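Please open the structure below in your viewer and keep the selection tool at hand. The tour goes from one selection to the next.

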Amino acid sequence: MHTEVAVLKLSPSQAESLHHHAVQLARAGGPQCAGIRERAEAHAHVLRDMLDSEQRAVVDGYASNRITLLVVEGMLEVGDGVPEARPSLEALKMDLDCLVLASRSQLLLNLAGNRAFAYDLDYNEMVRLVGNFKGGGQHKIPEEPAPEDVEVSSHSGLALGAHTEPPHYCSFQATERHSPAPSTLILTARWNPLQEPTQVIPITPVLKALGEPVVDALTRKHYQFTRPNSYVPGDEDGRHVSIVDYNNHGDFAFRFSAYRFSACDGVPENSRRAIDALQAGITNAERLQVTLDSSKAILINNTKALHCRDIIKDNRRILVRLFGYNRFSTAIVQSTDPMLVKA
Ligand SMILES: [Fe+2]
């Protein structure tokens, strides 16, 4: 049985325990530091023992890749009020409250059967602070670049079309050269003064409506994508990739970006038509809206849902993001603590 949205609501004592452990991990340096991985896993076990049977069924369902979006509610708020102006990215990277949120997210990933990791192309950083640091939002930043120079990434304020998190080469199993896309991205908010939502688009109903022949075409390696310009130089565009993959458990994974994918030259007409149909299906699909604050986190199943956002209005909106792999994913691991994989 597949569930689109599940909610894990923590009791006050569970929330207290989670917060306490997250603060401990943050004080010890947070997800990027050696030794934290093991402690987070141990804390997640403690937390798991505090869950009732219904809550356990929810986290196990997510771990089994049977839930598209897991909303975690009832957590303690972290930090105090919204500042006058957004601190710099450098200051936020050192901010203890950001680190508490990141550590809490690492614990939640573990609780939901995922392990936190970083790609080598994200400068090896486990924690990504999502906000308008590079311009393109509704309100200009002091160093606002010319519109054509704004990078299309989670560090700008631009609206972002529907996408799954890259890399887009494969899901589940690493190829010779590339690790899979993340199984999960977990998001929470440091500040979200205007309650600007994050949008999630479950793909299962879209694929169902498109029908077997179209989905079959999407499993062929007839597609290509352009590389994100936030990546470190040297990474190239992807060619001859599929959009849908099946694993040998009969489960599927989906990878796509509405603004980066196209059909390769010379592919059959039905492959071309399939991607057009997919684009239309996503445009018309139901969008789930989640408004994040520091007491709420979402685990987006990156194999079953796209996400997107509107242009950032309040420049103090800061989200904290980590990636996770579930037990079905095998990556090209470069180091295990902290876990770093080759993109
Ligand atoms: Fe994204």
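Start with the open sheet of 3 strands, ordered 9-8-12 and paired in the antiparallel sense. Strands, like helices, are DSSP runs numbered from the N terminus (strands E, at least two residues; helices H or I, at least four), and two strands pair if DSSP finds at least two bridges between them. Select strand 9 (238–241) and strand 12 (261–263): these are the edge strands, each pairing on one side only. From one strand to the next the twist averages 30°, an angle taken between N-to-C directions, on a scale from 0 to 180 degrees, of lines fitted to C-alpha atoms.

This is a predicted model, in which local features need pLDDT of at least 70 and side-chain atom pairs count only at pLDDT 80 or more, while totals for chains, interfaces and linings use all residues. Residues are numbered from 1 along each chain as its sequence is written.

Next, select strand 8 (residues 223–225), which is joined to strand 12 by 3 bridges and runs antiparallel to it. Tyr223 has Ala263 of strand 12 as its bridge partner.

Move to strand 15 (residues 305–309), joined to strand 5 (residues 160–163) by 2 antiparallel bridges. Here His307 of strand 15 stands opposite His163. Strand 15 also pairs with strand 7 (residues 198–202), antiparallel, over 4 bridges; Cys308 of strand 15 stands opposite Gln199.

Finish at Val206, in helix 6 (residues 204–210). Is Val206 buried or exposed? Val206 counts as buried because 21 C-beta neighbours lie inside 10 Å; the cut-off for buried is 20 or more, for exposed 12 or fewer, with partly exposed in between. Beyond its neighbours within four places in sequence, Val206 is in contact (C-beta atoms, placed from the backbone, within 7 Å) with Gly281, Ile282 and Ala285.

Methods
Two residues are in contact if their C-beta atoms, placed from the backbone, lie within 7 Å.
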